[in-house]
Amino acid sequence: MTLALRLAERGLYTTQPNPRVGCVIVKNNQIKGQGAHLKAGEPHAEVFALREAGLNAKGADVYVTLEPCAHYGRTPPCVDALINAGVKRVIVAMQDPNPLVAGSGIKRLQAHGIVVEVGLLEKESNALNLGFVTRMVSGLPYVRSKIAASLDGRTALNNGKSQWITGESARLDVQNWRAQSCAILTGIGTVLADNPSMSVRLDNISRQPLRVIVDSNLQTPVNCNMLNSELLSKSPLLIAYAQDSNNNESRLSDAGAQMLHIPDKNGLVDLQALLIQLGLRDINEILLEAGQGLNGAFFQLGLIDELMFYFAPKIMGADAQGMFAISELIDMQQATDLQILDVRQIGRDIRLRAKPDKYIT
């Protein structure tokens, strides 16, 4: 199953919106076939493994990181392929949370006399598909907030300058997280201050994620880098807005942006509704790359699933901008506790990943 998980990782940057799945077929203590799902619309991991195993699949054990599908999608059901191949036993890391599957694949295999065992390395399989699982269960994407900061917790100077807080190695690491995300989300403040492209800049990666700007008052400049025509052909841009007092909607739409009018009662972008819309677009994972304003808004609404801090060995001072613009706390009991997931050094910087245990009430 560990090998199956490693095979599944081959689809880390390419399977979206499908889950990452690996499969290994074993007979007489020998590996007879292995495969991974690499791209939506292409064969699933079980099919590749069965092709490699050939006649050796009959009477074999199958290790697969996610419950085999039992429905017709872009490809036929994998359970049919396993049944027709005559496998003896299927060891599944985790049940598929997709309502179209949700145990039906397991039941169908069992109905044909195939022994099914579930739960081997379930935690690891779940971690590999956090976005897919979150969307299937809640309808919302998994939101991972990336924050580059100094050791005193500052993300930009008071004048808005922030390039570059972290070193080249940390910035390259961020590119890998962008590549595995379905969407990169930022705010108008970052667009106006830094004029980023928010694209994946890795030579071996061809797929570009959707880019999203939260721009309540529709201030996005038509000549900004995110509206570069060459980039738009590879990576769509969605601008979520609340009001258009300057009549910019048609101008930005003509420039190639997709527009989403989604106001809340305060005349700002409704962030919860935005995530629902992105979930409906099959977005599994979002990398939130924003300033203290948008980070604070997401955080205060309880919409951040994971925080990824890159701490640089710098001191920027009390007048520099912080990480989260949130309401003032008056008691330490209101502070948000974090569960540390991972800490490691990336070049000269420290990357710390954490999950909020609870949110401000």
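**A strand and its neighbours**

A: Happy to! Strand β7 (residues 183-187) runs parallel to β11, and three bridges join the two. Keep in mind that this is a predicted model.

Q: Which residue in β11 stands opposite alanine 183?
A: That's isoleucine 286.

Q: And how many bridges join β6 to β11?
A: Four, and those two strands run parallel as well. Among the pairings, tyrosine 142 has glutamate 285 in β11 as its bridge partner.

Q: Are the faces of β11 covered or open?
A: Both are covered. Glu285 and Leu287 are buried on one side, and Ile286 and Leu288 are buried on the other.

Q: Nice. Switching to α6, what do its buried residues pack against?
A: They pack against α5 (122-128), β6 (142-150), α11 (271-280) and β11 (285-288). Helix α6 covers residues 130-138, and its buried residues include Phe132, Val133 and Met136.

Q: What follows α6?
A: Glycine 139, with a positive phi near 85°.

Q: How about pockets: what's the volume of the largest pocket?
A: About 1,300 Å³. The largest pocket is lined by 50 residues, and Thr190, Asp194, Glu289, Ala290 and Gly291 lie nearest its centre.

Q: Which element gives the most to that lining?
A: α12, with seven residues.

Q: And the second largest pocket, what's its volume?
A: About 770 Å³. Of its 28 lining residues, Ala127, Leu128, Leu130, Trp177 and Arg353 are the closest to the centre. The lining of this second largest pocket divides into ten nonpolar, four polar and 14 charged residues.

Definitions and conventions:
Residues numbered from 1 in each chain as written. Predicted model: local features only at pLDDT ≥ 70, side-chain atom pairs only at ≥ 80, totals over all residues. Heavy atoms only, no water. Buried < 20%, exposed > 50% of the residue type's maximum accessible area, 1.4 Å probe, protein only. Contact = heavy atoms within 4.5 Å. Pairing = 2+ DSSP bridges. 1 Å grid on protein atoms, 1.4 Å probe; cavity = no way out; pocket = protein on both sides within 12 Å on 5 of 7 lines; lining within 4 Å. Points joined across faces, edges and corners; volume = space filled by probe spheres on them. Nonpolar A, V, L, I, M, F, W, Y, C, P; charged D, E, K, R; others polar.
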